Amino acid sequence: MPEITEQPAPAQPVVAPLTSAALILVVTIEPGGEPVVREALPDLAAFARSIGFRYPDAGLVCVTGFGSDAWDRLFSGPRPASLHPFQELHGARHHAPATPGDLLFHIRAERMDVCWEWATQLLDRLGGAVRVVDETQGFRYLDHRDLLGFVDGTENPVGEDARSAALVGDEDPDFAGGSYVIVQKYLHDLASWNALSTEEQERVIGRTKFTDIELADDVKPADSHVALNTITDPDGTERDILRANMPFGSFGQGEFGTYFIGFAADPDVTERILRDFSTAVTGTLFHAPGADFLDAPPPSPASAEAAPQPEPASAPVARAVVTPVVRDGSLRIGSLQESAQR
């Protein structure tokens, strides 16, 4: 008989081509909104199919991620092994704040109107159960350049290397095929940047501006962007992440920047990069589980607690009968939520 090969867990479209447009939504779940969010999860793929069928050339995809606190509010059972609240980072020159975010929706397509349509369907479905805390419309700028004028994403892994870098494997079998996503919004001081000479800019980035060639080691500064974004383990193994960065900007508000989106099988790799480079105004860590997880999510914590528990095999134990005391009709039920910090 032919040997049966186990197929990898189906992933969300993490390892998908970069597109011309992206709409990134970070939302928080309102108190009591958890059931609405849970009920909407199996419909997410249907939204994409419906819109994608009408606009097949748009290449519409969406990756959905969950923050650490939201995971505990939505799901019972095992947790992704490395999911934790984003750690605020302080460096000698740089600061990376931790900002609110329960859910991430990373919507990509070749057309912004198609991204917008998907978001419209989503938010109509969720209604008042969520609140949008960050909305960013990203766009492809020229030949994949950021607003600093340099090509962004040249060293992104491709093919199987991209899957290996971005997707959880056998190290966490319950969540194989998932990915850890860190998002940050970087703002650029373009006036100061453009006041630098091209040679100075190239030394900051570590690549040539026009031809996108990495500078030689004897020319490239040790604190250049390229050097600091190269993560190597003690045994010499270089660690990769998959970036899906997009430029964004507003002339009216005078804000221009790069929306950083880093997918990784291990969030520690991305966090090591962020400790070394740049200043951001937002920062959140999410886990994007496999596609099957969204189609049939595990029970909610409330339903898991309410499920009948099997009796122990030992002799039965008599239970006390408690007579409720009714005073003023109030249930007098309170709640205490403790947020864990890593």
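**Notebook: contacts and charges in a predicted model**

I began with Glu110, which I found in the loop between strand E5 (103–109) and helix H4 (112–126); helices (H or I, at least four residues) and strands (E, at least two) are DSSP runs, numbered from the N terminus. I note that this is a predicted model, in which local features need pLDDT of at least 70 and side-chain atom pairs count only at pLDDT 80 or more, while totals for chains, interfaces and linings use all residues. Residues are numbered from 1 along each chain as its sequence is written, and side-chain values use heavy atoms, with hydrogens and water left out.

**Salt bridges**

I then turned to salt bridges, defined as a side-chain nitrogen of Lys or Arg within 4 Å of a carboxyl oxygen of Asp or Glu, and the count by this rule comes to 15. One of them joins the side chains of Asp102 and Arg73 at 3.5 Å, N to O. This pair links distant parts of the chain, as Asp102 is in the loop between strand E4 (95–96) and E5, Arg73 is in helix H3, and the two are 29 residues apart.

I next checked Lys185 and Asp134, whose salt bridge has its closest N and O atoms 2.8 Å apart. Here too the pair links distant parts of the chain, with Lys185 in strand E7 and Asp134 in strand E6 (residues 130–139), 51 residues apart. Lys185 and Asp134 are both buried.

Which residues are linked with Arg207 and Asp212 in a network of salt bridges? I found Glu155, Glu214, Asp217 and Lys220 linked with them in that network. The side chains of Arg207 and Asp212 themselves meet at 2.9 Å, N to O, and I noted Arg207 as buried at 8% relative accessible area and Asp212 as buried at 15%.

**Aromatic pairs**

For aromatic pairs I took rings of Phe, Tyr and Trp (its six-membered ring) with centres within 6.5 Å, planes under 30 degrees apart counting as stacked, over 60 as edge-to-face and the rest as tilted; the count by this rule comes to 13. Trp71 and Phe175 form an edge-to-face pair, 5.5 Å centre to centre with 70° between the planes. Trp71 lies in helix H3 (residues 68–74) and Phe175 in the loop between helix H5 (159–166) and strand E7 (179–187), so the pair ties together parts that are 104 residues apart in sequence. Both Trp71 and Phe175 are buried.

I also looked up Tyr186 and Phe260, whose ring centres are 6.4 Å apart and whose planes stand at 90°, so this pair is edge-to-face. Tyr186 lies in strand E7 and Phe260 in strand E12 (residues 255–264), so the pair ties together parts 74 residues apart in sequence. Tyr186 is buried, as is Phe260.

As a last entry on rings, I recorded one aromatic cluster formed by Phe66, Trp71, Phe75, Phe175 and Phe293.

Methods:
Buried < 20%, exposed > 50% of the residue type's maximum accessible area, 1.4 Å probe, protein only.
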